[in-house]
Amino acid sequence: MTNSIEEITDTDAMFVIGSNTTENHPIIGARMKQAVRNGSKLIVADPRRIELADYADVYLQLKPGTNIALLNGMMNVILENGLYDKKYIDERCENFDELVNIIKEYTPERAAEICGVKSEDIIKAATIYGEADKAGIYYTMGVTQHTTGTNAVMSISNLAMLCGNIGKESAGVNPLRGQNNVQGACDMGGLPADLPGYQKVFKPEVIEKFENAWRVKLSPKPGLTIPEIFNGVHDGSIKFLYIMGENPMVSDPDINHVKEVLEHVDFLVVQDIFMTETAEYADVVLPAASFAEKDGTFSNTERRVQRVRKAIQPVGESKPDWQILMELMNYLGFEKKYLHPEKIMEEISSLTPSYGGITYDRINNGGIQWPCPDKHHPGTKYLHKGMMARGRGLFMPAEYVESAEMPDSEYPYIFTTGRILYHYHTRTMTGRVEGINEIAPSSYVEINEVNANKLGIRNGDRVKLTSRRGQIETTAKISEIIDENVLFMPFHFADGAANYLTNSATDPIAKISELKVAAVRIEKAK
Amino acid sequence: MNITIDGIQYEIKKNTTILQACKDAGINIPTLCHDERLNPSSSCRLCLVEVEGTKNPVTSCSTMVRDNMVVNTKSKDVIKARKDVLNLIISNHPMECLTCDKSGNCKLQDYSYEYGVAEGTFKGAKRTPKTDTSNPFYDYDARKCILCGLCVRVCDELQGTAAIGIENRGFDAVVTTPYNEGLINSKCVSCGNCVSVCPVGALSPKRQKYRYWENKKIRTTCSYCGVGCQMDLVVKGDKVVDVEPAKDALNNGLLCVKGKFAYKFINHPDRLKTPLIKINGRFEEATWDEAYRYIRKKVNELKPEYGADSFAGLTSARCTNEENYLFQKLFRAVIGTNNVDHCARL
């Protein structure tokens with residue numbers, strides 16, 4: 001998030017797109033509902049009529065995969081009606097003319113046609129956003145998990161800059177991060193081209209800095225992303241795979257492909273707290289301690305580095321992941337020892353400029369939001385204050401492009417996936433909590449009543465879903481919140497796993513898979 | 001503005017309640033229905049204080065200070081009024097402290113102790129017994145409910161769900177769901193924020209038995225979504241037995257169903273307890289030394305033949321910063337490849 005969670009309380013307008021916030025980030029969802037009560041306006045765009053839609057001034061039930069058309073349509077209205085922040089654009093942005101050039105083609109009528117919504121609603125949404133003094137945009141995977149995900153994020157950024165909403169309190173561009181420490185995993189260099197703090201491996205001065213610190217020779221060649229790694233196993237170029245705390249046999253697109261990869265790889269190490277569907281394929285399984293059994297830090301969605309504290313001893317002979325990794329490094333001949341995670345953080349802050357002022361002492365109460373370059377810096381509540389991090393904010397307009405796989409006569413339904421309130425990701429944790437399973441025991445597919453009637457499907461019937469990649473059986477849940485010709489499935493469940501159907505086609509820049517749009521057919525199971 | 005509390009003058013900002021002014025002055029006022037995050041409801045009457053010039057005591061939680069106000073918080077009449085309030089509540093409260101889960105962490109118990117109210121003296125009718133045990137995570141016992149309304153207000157004002165309300169009047173008043181259909185059939189999302197604010201044992205988590213004086217609490221960060229709520233793990237022996245939200249944090253004393261109740265995976269019997277090595281298609285238990293040596297052997301076989309770029313690792317958005325840092329360091333500095341990625345795209 002460019003901005004902070006507590007700033008939601010004082011925002012004038014919120015635009016929530018591709019985020020079922022009350023289920024996936026419940027505490028932020030609650031804050032949004034509080035803000036609406038305090039007079040904030042709310043725009044919601046989602047293919048499902050989610051809880052927040054009930055609180056919205058305007059709700060847009062757009063077709064999955066049409067975010068860019070909607071965003072462009074809103075910008076068109078804002079440009080036409082002079083609701084943009086000319087002074088801000090002149091002073092802080094560049095490439096405005098190209099934006100105007102592309103956006104002028106996206107009249108609300110054309111955008112409405114593509115998105116399957118009313119043009120009046122696009123005009124209303126644009127007017128609310130454009131007229132608000134402080135407006136924040138909040139989004140999640142409904143925006144990013146598309147072959148056009150990167151362009152959609154840039155379109156969000158275009159909209160925010162157009163109205164001067166970046167570098168301002170209670171506004172901003174706010175991706176709500178899904179996993180407890182997905183922000184931190186990225187910050188720490190868990191990416192193929194990035195050393196900690198997004199320092200690029202292909203820059204000689206970066207490599208030199210880390211070579212000096214770690215006293216080893218480093219490769220300047222960017223590594224592979226997960227889809228590329230899996231393809232590498234497939235073609236024989238990747239022989240050794242080490243998976244820590246991840247369960248791609250449920251969470252990744254096209255599970256049949258993942259299965260083939262895990263069966264095929266020469267050597268697989270899995271490190272986890274439970275025997276997951278993925279660990280079953282391992283040659284070695286290393287038992288890790290849970291978050292309650294170790295010290296460390298997580299960085300949350302608002303860049304706040306907060307403490308994790310050991311409450312109990314590791315269960316059985318399990319060990320904290322940091323200890324396992326350190327010991328393995330030692331076995332492999334790298335002699336560095338850390339007595340406590342605090343010592344690792346000292347090394348991190350010495351090499352990562354944005355974490356330069358992070359110490360366990362300083363974050364003990366309430367944490368600190370990065371960038372925090374030195375030990376006297378209070379941390380950063382919102383980014384790009386006064387000036388963009390890159391200098392001038394660059395408008396990057398994008399054309400709407402269809403999803404990789406569109407419905408046709410053989411696979412006539414748009415299939416989309418997501419999470420539900422009660423489960424977390426692949427259920428390795430929540431699936432072992434009795435009460436949770438009582439409320440949300442098994443996989444289901446949401447289908448609109450009109451489609452269900454046409455197919456003779458009743459609520460609770462077993463149904464068979466087929467895509468070009470796989471087939472599953474699940475239970476039909478007739479629902480008013482889902483649009484006609486769209487099917488939704490939570491991806492948590494290994495039995496009747498949605499990801500047998502999803503498309504692994506990726507965005508060319510971010511390499512994110514199009515988990516939100518696949519073409520499927522549905523029929524009653526025999 | 002200037003006000004006098006118990007004979008001492010204080011300078012207080014405008015728009016401050018007497019309760020807040022007392023708190024700032026370090027004077028403790030008992031409350032059962034007050035929560036600084038919520039609008040005042042003045043329902044428990046325990047925070048009564050005397051204001052000179054007014055006939056009756058006033059509820060300090062909902063009375064704003066005025067310039068030159070003179071407040072007495074410890075006068076005989078105030079103490080008597082508070083004892084009467086406690087007496088009225090206790091007279092209609094089951095004296096089950098010996099078996100009540102809340103004992104040791106119950107505000108009613110604490111205030112009764114403080115004010116020396118051992119027994120209710122108002123004999124006669126008692127409140128309607130009613131329980132709702134339909135939710136898998138927590139129960140409601142109307143006999144213990146003091147009708148402070150905190151649960152109803154938190155559910156409405158902060159959580160924004162408004163699943164529960166107070167129905168009927170007098171002895172028949174209960175906290176309930178619309179049409180009495182039970183919590184599990186209501187809009188309730190099992191966040192447990194009502195349970196976290198209940199000052200007595202009326203709303204209680206379905207949990208393993210423990211006493212408050214035999215546990216310890218450890219402040220940590222929730223391990224589910226990216227919001228990063230702060231919470232206390234309640235530990236008995238070597239087991240996590242409960243979770244409580246932190247108020248002085250970004251989550252402002254709130255949690256969701258996963259943070260509040262989905263902690264039982266931690267001590268679940270399915271947890272992996274030793275390293276495992278697959279031999280002839282079956283996992284066999286191994287020592288750490290055996291597991292590390294086996295991995296080392298494979299590294300030493302594969303790396304010379306296929307090169308460092310034939311290795312790849314998936315680090316984890318579920319692990320700590322320190323662990324992610326070490327994972328990428330293992331691959332970059334020790335193995336020699338940048339083939340490190342994680343589930344950021346899922």
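Reader: How far apart do the C-alpha centres of domain 2 and domain 4 of chain B lie?

Author: This is a predicted model: local features need pLDDT of at least 70, side-chain atom pairs count only at pLDDT 80 or more, and totals for chains, interfaces and linings use all residues. Side-chain values use heavy atoms, leaving out hydrogens and water; residues are numbered from 1 along each chain as its sequence is written, while chains are lettered from A and ligands numbered from 1 in the order written. In chain B, domain 2 covers 125–206 and domain 4 covers 276–345, with bounds from an automatic or database domain assignment. Their C-alpha centres are separated by 50 Å.

Reader: Which strands are the edges of the open seven-stranded sheet?

Author: The order is S15(B)-S14(B)-S11(A)-S10(A)-S9(A)-S16(B)-S17(B), with mixed pairing. Strands are DSSP E runs of at least two residues, helices H or I runs of at least four, both numbered from the N terminus; pairing needs at least two bridges found by DSSP. An edge strand here pairs on one side only, as do S15 and S17 of chain B.

Reader: Which residue is the bridge partner of A:Asp272 in S11(A)?

Author: Strands S10 (267–272) and S11 (284–287) of chain A run parallel, joined by four bridges. A:Asp272 bridges to A:Pro287.

Reader: Is A:Gly142 buried or exposed?

Author: A:Gly142 sits in helix H8 (141–144) of chain A. Beyond residues up to four places away in sequence, A:Gly142 touches A:Gly18, A:Asn67 and A:Lys516, with heavy atoms within 4.5 Å. Buried means under 20% relative accessible area, exposed over 50%, partly exposed in between (1.4 Å probe, protein chains only). At 17%, A:Gly142 is therefore buried.
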